[in-house]
Amino acid sequence: MQVGSLIAAGYDCEIFEAGPGRVVRRSRDGRSLEREAAVMRHARRHGFPAPEVFDADGPDILMEHVAGPSLLEETARAPARAAEHGELLAGLLRRLSTVRSPGWLQAAAGRPGNRLLHLDLHPGNVLLTGDGPRVVDWANAARGAPGADAACTWLILATATVTQPSLEEGRAGLLAAFLDGVDPAAARPHLRAEAQRRRAERDLTAEEQAEIDRFLAREAGEASL
């Protein structure tokens, strides 16, 4: 696909201008994004706020240009609103838990179920627009139990390294409000599997590894009470 200027870059994809209101999401390693595009279309058809997809061809997705700050940026800007942002995250996961997965989508290992899972729904992947939130980056989408999605978000909120003092200030309120809006009991059995997947997929620092270990030990203790 023809692309214009680079406007953003993530962990494994880059975003390029592609005309008014449109961008191309391109994988860095050339892997096909057609499955991801199909997942986004499925989510959107079922009323979930994924970006609109216009076309997909190999490593490229032509999609709507979602203009707006991320929930992460908004939390850094206004940590006093962290609880509100945690409620928004929980609400998005509750909405997603009502969407049945397409039959062709691979199952998440050890998380049996028939719901559509995002498996990376954190504040950096929620963009706030004038029309409401949009959830981006569906690379990890799978079929399974909604508790696994909640566990993934819980793990990220609790253990991800943050460098901005305002984000650390808002973390506790964000996490508490998120947990109030989901079912921690359904999520807790999936925490260890989600931690293993995160370790396998990301080049985590020693500090992040240690924080995950502490978190898992703490939650195992809570579950045994």
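# A friendly first look at loops, cores and packed helices

Let us begin with Ala 18, which sits in the loop joining strand E2 (13-17) to strand E3 (22-27). Helices (H or I, at least four residues) and strands (E, at least two) are DSSP runs, numbered from the N terminus. Everything here comes from a predicted model, in which local features need pLDDT of at least 70, side-chain atom pairs count only at pLDDT 80 or more, and totals for chains, interfaces and linings use all residues. Residues are numbered from 1 along each chain as its sequence is written, and side-chain values use heavy atoms, with hydrogens and water left out.

Ala 18 counts as partly exposed because its relative accessibility is 24%. On this scale, buried means under 20% relative accessible area, exposed means over 50%, and partly exposed lies in between (1.4 Å probe, protein chains only). Setting aside neighbours within four places in sequence, Ala 18 touches Gln 2, Val 23, Val 24 and Leu 62, where contact means heavy atoms within 4.5 Å.

Tyr 11 belongs to the loop between strand E1 (6-9) and E2. Its relative accessible area is 54%, so Tyr 11 is exposed. Beyond its neighbours within four places in sequence, Tyr 11 is in contact with Arg 28, Glu 201, Arg 202 and Asp 203.

Pro 165 is part of helix H5. Pro 165 counts as exposed, at 68% relative accessibility.

The table pairs each of these residues with a partner elsewhere in the chain.

| Residue pair | Separation along the chain | C-alpha separation |
|---|---|---|
| Ala 18 and Ala 148 | 130 residues | 35 Å |
| Tyr 11 and Thr 75 | 64 residues | 21 Å |
| Pro 165 and Pro 79 | 86 residues | 9.6 Å |

## The nonpolar cores

A nonpolar core is a set of buried Ala, Val, Leu, Ile, Met, Phe, Trp, Tyr and Cys residues joined through side-chain atoms within 4.5 Å. The largest one has 46 residues, and Leu 116, Leu 121, Trp 138, Trp 154 and Phe 178 have the most contacts inside it. A further core lies apart from that one, with five residues, among them Ala 108, Leu 117, Leu 119 and Ala 148.

Which residues does Trp 138 touch, leaving aside its neighbours within four places in sequence? Its contacts are Arg 35, Glu 36, Val 39, Met 40, Ala 43, Phe 48, Ala 50, Pro 51, Leu 96, Leu 116 and His 118.

Leu 119 is buried, with a relative accessible area of 3%. Although it is not a glycine, Leu 119 has a positive phi of about 60 degrees. Asp 137 also has a positive phi, near 60 degrees, and is likewise a residue other than glycine. Asp 137 is found in the loop between strand E8 (132-135) and strand E9 (142-144).

Two packed helices are described by the angle between their axes and the distance between the axes. Axes are lines fitted to C-alpha atoms, for helices over the stretch in contact, and angles run from 0 to 180 degrees between N-to-C directions.

Helix H3 (residues 82-96) packs against helix H4 (residues 146-159) at an angle of about 160 degrees, with the axes 10 Å apart. That angle makes H3 roughly antiparallel to H4, a term for angles over 145 degrees. H3 and H4 make a right-handed crossing; a crossing is right-handed if the near helix is turned clockwise from the far one by less than a right angle, and left-handed if anticlockwise. Leu 89, Leu 93 and Leu 96 of H3 meet Asp 149, Ala 150, Thr 153 and Leu 157 of H4. By class, this contact has five nonpolar, one polar and one charged residues. Here Ala, Val, Leu, Ile, Met, Phe, Trp, Tyr, Cys and Pro count as nonpolar, Asp, Glu, Lys and Arg as charged, and the others, Gly among them, as polar.

The axes of H3 and helix H5 (residues 165-181) cross at roughly 35 degrees and come within 7 Å. The crossing of H3 and H5 is right-handed. On the H3 side, the contact includes Ala 82, Gly 86 and Ala 90, while the H5 side includes Gly 170, Gly 173 and Ala 177. The residues of this contact divide into eight nonpolar, five polar and two charged.

Finally, the axes of H4 and H5 come within 9 Å and cross at roughly 165 degrees. H4 is therefore roughly antiparallel to H5. Is the crossing of H4 and H5 left-handed or right-handed? The crossing of H4 and H5 is left-handed. Among the residues that meet are Trp 154 and Ile 156 in H4 and Leu 175 and Phe 178 in H5. The contact of H4 with H5 has nine nonpolar, two polar and one charged residues.

Methods
Angles under 35 degrees count as roughly parallel, over 145 as roughly antiparallel, 65 to 115 as roughly perpendicular and the rest as oblique.
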